[in-house]
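Please view the sequence and the model together.

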Amino acid sequence: LRGQGQNPRRQVGADEHEAMADDLQAAYQFILDRHNRGELNVGKLGAVGLGEGKNLAAAWAYQPGAAVSTEGRAGDLGALAMISPQPEGSGYVLTRVLPPLALRVPIFLSAGAKDVASRDAIEAVRKDLERNRSNKIEIFPSSLRGYKLLRLEPGAAEALVKFLDAEIKLRPSEWEPRYNQ
């Protein structure tokens, strides 16, 4: 992400949030290119948003042309997982970007019960997610968030892996070219 990793650490401006979703779209286009070369199967694509990227992953999936199915176009995103989502992050409001995705891609949300902001963000979209049986919500009795929740809360990582296995790994997916995307 811009301002993270080996990039100089800095506060990302509001004008860069949309560009960051475009960066994820560019990464997706790179993956599609490798898929069309036969190097991987994009039918097994999943996105896990953690830390600064949790709302950004949903915002990318939400934008037109991303890996989620739209009218007349098959989707490549097999699952979207968000660990400790926030009501607003990376310039995107969760209650705006997640409900339209809830019926088109399996979504996994998890948070600690004592992480009030994340728990409340999940509760705000719970009704939309419960309309699709593939969507899962896990609230753990913890104040941990993000990678600490996955690493230190018993059962948190296991719940994520179980979801990804069911929605991506174990689902049959034949390779087929995606040149029209």
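Helices (H or I, at least four residues) and strands (E, at least two) are DSSP runs, numbered from the N terminus. A residue is called buried under 20% relative accessible area, exposed over 50%, and partly exposed in between (1.4 Å probe, protein chains only). The model is predicted: local features need pLDDT of at least 70, side-chain atom pairs count only at pLDDT 80 or more, and totals for chains, interfaces and linings use all residues. Residues are numbered from 1 along each chain as its sequence is written, and side-chain values use heavy atoms, with hydrogens and water left out.

Strand β2 covers residues 77-83. Seven of its seven residues are buried, so the strand is largely enclosed by the rest of the structure. Strand β1 (residues 45-49) runs parallel to β2 and is joined to it by five bridges; two strands pair if DSSP finds at least two bridges between them. Within this pairing, A47 has L80 of β2 as its bridge partner. Strand β5 (residues 107-112) is also parallel to β2, with four bridges joining them, and I83 is partnered there by S110.

Helix α3 (residues 94-101) has buried residues as well, namely L94, V97, L98, P99 and L101. These pack against α2 (54-62), β2, β4 (92-93), β5 and α4 (116-129), where contact means heavy atoms within 4.5 Å.

The loop between β2 and β3 (88-89) holds S84. The phi of S84 is near 55°, a positive value in a residue other than glycine. Most residues other than glycine have a negative phi. S84 has a relative accessible area of 0%, so this residue counts as buried.
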